[in-house]
Amino acid sequence: MAGRFDPLNRTAVRGGRTDVPPGRGGTAGAGAVERRWTPEGPVDLGLTLGPLRRGPADPTFRTTPDGSVWRATRTPDGPATLRVSRTGTGSGTEIGAEAWGAGAGWLLDHLPALLGAGDDPAVFVPRHRLVHASHRRRPGLRLTRTGLVLESLIPTVLEQKVTADEAYRAWRRLVRQYGEPAPGPHGLNLHVMPDPRTWAIIPSWDWHRAGVDAKRSDTIVRAVRVANRLEEAAAMDLPEAARRLEAVPGIGPWTSAETLQRSNGHPDAVTTGDLHLPGIIGYALAGDRDADDAAMLELLAPYAGQRHRAARLILLAGRTPPRRTPRMPRGDIGRF
């Protein structure tokens, strides 16, 4: 539905838009554990799970022509692969899920949370025309809650102060080199990200070849050394969870917000310290392309408690200020 109204540009993709073909899934593969779940309202799989995708070739995420979304992840019980698809039509649409691997049961137990069962979009009240239009066009947007911190924290650290393309390339290379093939069907070539111990022993030259500087790699190593403590943040309130993450040197408000938006699904986890977001929101709501964090937060103040949802709806609208300078050049320190 959204594609009929708004452009699929980089801003909309950052807002979590991932187009899923209008199929109805297929039959479960061999060895799959199955679950069916009927949500109380509409759920758009692409919009809800889209923020978990790290670039078009993310080795942990796929969409397929039958309308399925696939995820490979590392749960507390071990690696697992999940396939989610719609299996019905109308207001009573049913969600079908199949999972493989040691963590299959954990994934299916957390399926409702992953698809936004703990999210309450009814409390959101649009205060701007653009936000109202974006909200009306996306009744199936739910805020996902994975309950997993590291799987969102590590790719977010890789995105610190580099272009998205550089971060996506690093994520692909490191997951494919040091992760493991995902359980279940192998035709999609999905991989599960490395476990904490493996992240901690990646040699400096492979970080370099992946284009990751020492500051980011050191932050990831410090984080995985306290992995259990960080994973506890998934069950904490937003301020406490942010403090837990930001106790690790190299993790600041930008990184903690981008992580907790996914792991905790908090509707008010607004991102600050971002190079582009204040200008996008300032331009979309007030015509101010030079807005800073303070101006952005003032514009989002009417959405207190729901500022992350408001920001996502603005990004999904795809309205961006005209470019005044060339796009930031892509770098690759691995070539040096």
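Analyst: Helices (H or I, at least four residues) and strands (E, at least two) are DSSP runs, numbered from the N terminus. This is a predicted model: local features need pLDDT of at least 70, side-chain atom pairs count only at pLDDT 80 or more, while totals for chains, interfaces and linings use all residues. Residues are numbered from 1 along each chain as its sequence is written, and side-chain values use heavy atoms, without hydrogens and water.

User: Where does Lys161 lie?

Analyst: Lys161 sits in the loop between helix H6 (150-158) and helix H7 (164-178). Its phi is near 60 degrees, a positive value in a residue other than glycine. Most residues other than glycine have a negative phi.

User: Why is Lys161 called exposed?

Analyst: Buried means under 20% relative accessible area, exposed over 50%, partly exposed in between (1.4 Å probe, protein chains only). Lys161 has 76%, so it is exposed.

User: What makes Asn189 partly exposed?

Analyst: Its relative accessible area is 39%, so Asn189 falls in the in-between class. Asn189 is in the loop between strand S6 (180-181) and strand S7 (191-192). Its phi is also near 60 degrees.

User: What makes a set of residues a nonpolar core?

Analyst: The members are buried Ala, Val, Leu, Ile, Met, Phe, Trp, Tyr and Cys residues, joined through side-chain atoms within 4.5 Å. The largest such core has 33 residues; among those touching the most other members are Leu153, Trp199 and Leu230. H6 gives the largest share, 5 residues. A second, separate core of 22 residues includes Leu130 and Val270.
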